[in-house]
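Please look over the sequence and the structure below before reading on. The report that follows takes up helix packing, a sheet and the surroundings of a ligand in turn.

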Amino acid sequence: QKPWPNQQLVRFIDRLIVEMKYRRSETALVLEDSPTIRRLVAHYLNKLGFSVVEFSLGVELVKYLQGEHSVVDLMVLDWELPDWDGLDLVSTIRTKKEFAFTPILMLTGRNKESDIASALRAGADDYVTKPFKFEELAARIQAQMRIKRLIDELHEKNKLLEELALTDSLTGLYNRRHFDNQMEFFWAHHERAQHRFSLMLIDVDHFKSINDTYGHATGDEVLTILADLLKEICRKGDLVARFGGEEFAMILPETGQDEAWIVGERLRLAVQEYSFAVSGKTIAMTVSVGVVDSDRGEIHKFEDMIHLADNTLYKAKAAGRNSALV
Ligand code: GH3
Ligand code: MG
Ligand code: MG
Ligand code: MG
Ligand code: MG
């Protein structure tokens, strides 16, 4: 029914697709200096559905882990290696945040109880002694992967929730909460390092009459289209938010108010020229814009800046609307 896709839903689906792709090709790393055992383990892991990367030296594995796009789902590590002590290697891997919960299984000829305990203390999740039975190795790996997949899922959901908490549900723009946080951040940065920035407030002219004429649902869709237009017009690095109702805000980093005004004027003209097409009707509307920059003397906290921009916007309204003022 809606001509404009719900951006949040689109993002959610994109992410699920990424997750499914990722699910299909779980990667296991095998570090083992004996070629015979390494190949055997790699063969078994393949049978379990992993794509396997093999290493015979600790340095090779560490180099791989430092690589940019290394997604690792499981590591099977030998203890005794030509170049590295397996326990030390495990502790080293665990210090890296992205591998804090990656399942690590030690596969080693050492089978004293004290060895097992120290391996687990160093950060290994499980321990299998050589010679090993495939059945046991497979069962232990599956137990680790159950936890690993749950952790990944929780991470994924958490990221999504964090993103939703910043997002306005109607337009997909940043919401007021995130806008306020960003304003505070930019203001602090300005005070500390004299980084100038501008704030622009945008309010739809006579929006009430659009609601009255076409209905609230159409009004909602007009706001969504306007939000997309704002995102299109702003520059890379600018932050666009829904300030409230039919009001929007834009933060323009490293931008003085004259330059910001040019953006505001361009925006005002673009809205004026635009035909908002909703369910077969084309609706025309205009916006008023108030611009202020952080160098203005009367600003002592970020709220002052919002207040000033709001005053300027009010003047633009009083001057007859469809205008951008500094
Ligand atoms: P002006 O700003 O030019 O002074 O007039 P206006 O009619 O735009 O201003 P006013 O502040 O009186 O009304 C704003 C209207 O915007 C009233 C409110 O119902 C409507 N509005 C606010 N939020 C939403 C929304 O999320 N969806 C819809 N459809 N309307 C909204
Ligand atoms: Mg060895
Ligand atoms: Mg308003
Ligand atoms: Mg108003
Ligand atoms: Mg208005």
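A crossing of two helices is called left-handed if the near helix is turned anticlockwise from the far one by less than a right angle, and right-handed if it is turned clockwise. Helices (H or I, at least four residues) and strands (E, at least two) are DSSP runs, numbered from the N terminus. This is a predicted model, in which local features need pLDDT of at least 70 and side-chain atom pairs count only at pLDDT 80 or more, while totals for chains, interfaces and linings use all residues. Residues are numbered from 1 along each chain as its sequence is written, and chains are lettered from A and ligands numbered from 1 in the order in which they are written.

**Helix pairs**

H9 passes H10 in a right-handed crossing. The contact (C-beta atoms, placed from the backbone, within 7 Å) is made by Leu229, Leu230 and Ile233 of H9 and by Arg266, Leu267, Ala270 and Val271 of H10. These residues divide into six nonpolar, no polar and one charged, where Ala, Val, Leu, Ile, Met, Phe, Trp, Tyr, Cys and Pro count as nonpolar, Asp, Glu, Lys and Arg as charged, and the others, Gly among them, as polar.

The table gives the packing of two helix pairs, with axes as lines fitted to C-alpha atoms, for helices over the stretch in contact, and angles from 0 to 180 degrees between N-to-C directions.

| Pair | Angle | Axes apart |
|---|---|---|
| H9 and H10 | about 140 degrees | 11 Å |
| H4 and H5 | about 20 degrees | 8 Å |

H4 and H5 are therefore roughly parallel to each other, a label for angles under 35 degrees. Their contact is made by Leu87, Val90 and Ser91 of H4 and by Ser118, Ala119 and Ala122 of H5, with four nonpolar, two polar and no charged residues.

**The sheet**

An open sheet of five strands has the order E2-E1-E3-E4-E5, with parallel pairing, two strands being paired if DSSP finds at least two bridges between them. E2 (51-55) and E5 (126-129) stand at the edges, each with a single partner strand, so one side of each is left without a neighbour in the sheet. The twist averages 20 degrees from one strand to the next.

**Around ligand 1**

Ligand 1 is surrounded by 16 residues, a residue being near if its C-beta atom, placed from the backbone, lies within 6 Å. The closest are Asp205, Phe207, Lys208, Gly219 and Gly245. The largest share of this shell, four residues, comes from H9, and by class the shell has four nonpolar, five polar and seven charged residues.

Notes: Two residues are in contact if their C-beta atoms, placed from the backbone, lie within 7 Å. Angles under 35 degrees count as roughly parallel, over 145 as roughly antiparallel, 65 to 115 as roughly perpendicular and the rest as oblique.
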